[in-house]
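Visitor: I would like to go through the labels one by one. Please set each value against its cut-off.

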Amino acid sequence: NAEKPSKLRIAIQKSGRLYDDSVKLLNECGIELRNVKDRLKTESDTFPMEVFFLRDDDIPQYVEDGVADIGIVGENVLFEKNKKAEIVEKLGFGKCRLSLAIPRSETYQGVQSLDGKRIATSYPFLVNEFLKKNNISGEVHEISGSVEIAPGIGLADVVVDLVSSGSTLFMNGLKEVETILQSQSVLIKNNKLNKEQEILLDKLLFRIKAVKKAKRNKYVLMNAPNEKLSEIIALLPGMRSPTVLPLAEGGWSSVHSVLSEDEFWEKIEQLKAAGAEGILVVPIEKMVM
Ligand code: ATP
Ligand code: MG
């Protein structure tokens, strides 16, 4: 019963899509890391924390085993690995979805049409759960990367893969027809932390929540041709719903809304693509919900 040291050991992705946001989150929480470059392990001088840099696939196992006390990983990986690690906080980055995609030339006939199909994926566990839940049998082919080329080279009929914008699927002649899992990064913990570690984790969580709250929202105004309004409004959350005001010029409206910084750039791109023009972004001084 070796006594655990009174510091938190956190596992984060060594390099890849989650690395930057994970380090940034720690920094925003006042946790500075010593020479991160090319290290497998480092410590913080400003918080009792040791950081392990790992492949994201290995993080759930390390946290279950208690080799790391906590970790940052995508829900997609956490659920695929099916390990005993508790989610303590959703972190709001690394958002993507695990989706079923079929060749664009085909018409989707519902989940039942997957019966007997060859499915290429890096997520065999989650795909099998999905098949079981829908009472269908498919042939699951596990591939560790470039899953989206499988139908094109005759390796599979359909794929289940991570999607964020959908452009990779599109470029490979596929279309998304079913979402199997919505995912984002989460903070997970080992279920046998000692008292001191729980206190440290509470302290970290308090800071993470404060950082999340402080993430600024922006007031956004744009002009939109009236025939594009419904498409544009569908992209906007707003406090309740966006404000729409007629412009002096007929056929056009001004649309006002509040966008959070997390989704800001992505939304602006989508709004432009949907036909919005003259987009203005204004800081908000106070926001009373
Ligand atoms: P590693 O070498 O650590 O195993 P990886 O290649 O498996 O890295 P990345 O591509 O860096 O993983 O993605 C890490 C995580 O980022 C994913 O598991 C997922 O949670 C998230 N993510 C967000 N958007 C996407 C996307 N469009 N495609 C893939 N992953 C995404
Ligand atoms: Mg991985």
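Visitor: Why is arginine 34 called partly exposed?

Guide: Its relative accessibility is 39%. Buried means under 20% relative accessible area, exposed over 50%, partly exposed in between, with a 1.4 Å probe and protein chains only. So arginine 34 counts as partly exposed at 39%. This is a predicted model: local features need pLDDT of at least 70, side-chain atom pairs count only at pLDDT 80 or more, and totals for chains, interfaces and linings use all residues. Residues are numbered from 1 along each chain as its sequence is written, chains are lettered from A and ligands numbered from 1 in the order written, and side-chain values use heavy atoms, with hydrogens and water left out.

Visitor: What makes aspartate 45 and arginine 34 a salt bridge?

Guide: A salt bridge is a side-chain nitrogen of Lys or Arg within 4 Å of a carboxyl oxygen of Asp or Glu. For aspartate 45 and arginine 34, the closest N and O atoms are 2.7 Å apart. The pair therefore ties together parts that are 11 residues apart in sequence: aspartate 45 is in the loop between strand 2 and strand 3, arginine 34 in the loop between helix 1 and strand 2. Helices (H or I, at least four residues) and strands (E, at least two) are DSSP runs, numbered from the N terminus.

Visitor: Why is aspartate 45 called exposed?

Guide: Its relative accessibility is 58%, so aspartate 45 counts as exposed.

Visitor: How do you know that glutamate 50 forms a salt bridge with lysine 7?

Guide: Their closest N and O atoms are 2.8 Å apart. Glutamate 50 is in strand 3, and lysine 7 is in the segment before strand 1, 43 residues apart. At 7% relative accessibility, glutamate 50 is buried.

Visitor: What links arginine 97 and glutamate 176?

Guide: A salt bridge, with the closest N and O atoms 2.6 Å apart. Arginine 97 sits in strand 6 (residues 96-103) and glutamate 176 in strand 10 (residues 174-183), 79 residues apart. Arginine 97 has a relative accessible area of 22%, so it is partly exposed. Glutamate 176 is partly exposed too, at 29%.

Visitor: Which residues do salt bridges with shared partners join into one network?

Guide: Lys7, Lys41 and Glu50. The structure holds 10 salt bridges.

Visitor: Why is serine 185 called buried?

Guide: Its relative accessibility is 0%, so serine 185 counts as buried. Serine 185 is in strand 11 (residues 185-189).

Visitor: What makes the phi of asparagine 82 worth a note?

Guide: The angle is positive, about 55 degrees, although asparagine 82 is not a glycine. At 53% relative accessibility, asparagine 82 counts as exposed.
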